[in-house]
Amino acid sequence: MGSLQAPVRRSSVLPETSCGYLLQELQMIWNEIGQGQFEREKVLLDLEQECLEVYRRKVDAANTSRARLHQELAEAEAEFTHLLLSLGERSLPGRPEKMVGTLKEQLDSITPALREMRLRKEDRVNKFRAVQGQIQKISAEIAGQSEYEKSSSDVRVNENDLSLKKLEEYQTELQRLHNDRNERLKRVEKFINSIQKLSSILGTDSSMVITKVHPSLNELCGIAKNISNSILAKLNSTVESLEEEKQKRLEKLHHLGKALTNLWNFMDTPYKDRHLFFHVTGLLSVSSAEVSDPGSLTQKIIQQAETEVKRLDQLKVSKTKELFLKKQNELKEICNKSHMEIPVHAKMDNIINLLNSGEIDHADLVMSMDQQISRAEDEACSRKTIMEKVEKWMLACDEERWLEEYGRDENRYSVRRGAHKNLRRAERARVLVSKIPALVDLLMENIKSWEEERKKTFLYDEVPLLAMLEEYNALRQEKEGERQRQREMKFPGQIVHHQQEKLFLPSPRRTSNRSVNGGFSTAMPLNRRLSLGLQKLGSNSIDLGTQGISNEGKRAQRQKMFARPGLVSPVRDETASVVSTFSGPLSP
């Protein structure tokens, strides 16, 4: 109450709008109406309370304003600091480090710097968004999402880290992805080029092969190429499968080319017929990596080559028959010339039947015949020395037979035309016949050496020659003993002198002049008689080889050979037996 009355006492003249003037006017009204003191004090107390409330509201409003300014300043400071941290900067040039002045002055001084930092942040965010958008787009392409259309505004950027270092990391990642994409595109192009090249070599449609891998790889589709790992794997697999197909076709053409070359060489095909398939035979010396000509490994070429090989195979059968018969005759000629066993005719007929049925390989057959001919020539060469001695032995035996017939001729010393020639021949024959035992022994040694080396029996026209010679020696000794006994019975008590000289004394049996003077004209050659008389003995093929026979086997063969009718007569019948072909007179 005192506070309201003070202004009334201090000033008598107050403005009409002041509180003192109004209080003074209020007192005048109270005085005029006679307001009591208690009521006056109550009104004045109410006025004082209302004034306090007004002041309090004003102070509160001032405090609120101050607090708000402090908060705004603090928020501005905090935002500014956060922007500095997020942008990776230490300070902003031109901004005082220490704040001075009233709150409003401090707030006014930080606002421009804060606005600058906000602009920098917005620019930095846009850069991050652009880089991250490119990263997501390229990553989607690499992942195979060729239809990625996400807007850059949808990219979420971490605004807590907008430093240049982080931006450089994103840019580095983006560059790596760019390089990866470019590398993948190069690989895709390389695969596509390989597929196109291989398809042209194999004669297939490359666009169908590429579209089958993925439609985006075909340029006609007009969409971005899929460069994902799965597509690269499919492209690689496709190229490998085409390479394998290329290798298979090349190997097939190699086989067909070799077959064509062998058939051409076998049948002496002319150059004009070969020229049509030089593109096939030209691949024989070429590897798979060297084949690059378009259309060089198409199915059509393979089918044409297969058809030609089948045609030539059919012609080869008849040509093989001719060549087989030619080589068979050559083999027979070698065997006949060396008196070796000729392959069984039934076996040759069986080979021809197999040839007609296609159950035997022609090249193997010709090679087998060449090998048989080679073995026959080799054996004939190894028999050459023995065969020469056999010929000498046969000639000596023929001379021995002639000398025997000449010794039985009672008119051999008569004067007649040509008698002196027979005398000279008889002298030569005696010398030749005297060498027969040594020749036979040497021949037997050579035969035994040959048989030990070859582990087979030496056959002469299918007859063991060693057994033949042993039997010849046995019969010669038997005949010589028989004649010695006849002389002792005819001249008892007479001692035989100069046995070698008496070995060739003439026999008392007569023979015709024609037989003596005619020489070999009326006698069958020894080798021919051996072939006819001994052809049914055991056979040993030159193909299979023959092991040496035991002494018991040889003895059984000799007994069988000389026991057959028509082959050997008793020793006393000297004119009609095979034995007479083996032996001759012991004396002229």
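Reader: What sits over the ring of Phe 458?

Author: In this predicted model, the charged end of Arg 383 lies over that ring, 4.0 Å from its centre. The cut-off for this distance is 6 Å.

Reader: Why is the pair of Trp 450 and Phe 458 called edge-to-face?

Author: The ring centres of Trp 450 and Phe 458 are 4.9 Å apart and the planes stand at 80 degrees. Centres within 6.5 Å make a pair, and planes over 60 degrees apart count as edge-to-face; the pair is therefore edge-to-face. Both Trp 450 and Phe 458 are buried.

Reader: What makes the pair of Tyr 271 and Phe 278 edge-to-face?

Author: The planes of Tyr 271 and Phe 278 are at 65 degrees and their ring centres are 5.4 Å apart. Because the angle must be over 60 degrees and the centres within 6.5 Å, the pair is edge-to-face. Ring pairs also link Trp 264, Tyr 271 and Phe 278 into a cluster.

Reader: How do you know whether Cys 397 is buried or exposed?

Author: The relative accessible area of Cys 397 is 2%. Buried means under 20%, so Cys 397 is buried. Cys 381, with 56%, is exposed.

Reader: How many disulfides does the structure hold?

Author: The structure holds zero disulfides.

Notes:
Residues are numbered from 1 along each chain as its sequence is written. This is a predicted model: local features need pLDDT of at least 70, side-chain atom pairs count only at pLDDT 80 or more; totals for chains, interfaces and linings use all residues. Side-chain values use heavy atoms; hydrogens and water are left out. Rings of Phe, Tyr and Trp (its six-membered ring) pair if their centres lie within 6.5 Å; planes under 30 degrees apart count as stacked, over 60 as edge-to-face and the rest as tilted. Buried means under 20% relative accessible area, exposed over 50%, partly exposed in between (1.4 Å probe, protein chains only). A charge sits over a ring if NZ of Lys or CZ of Arg is within 6 Å of the ring centre and within 35 degrees of the ring normal. A disulfide is a pair of cysteine sulfur atoms within 2.5 Å.
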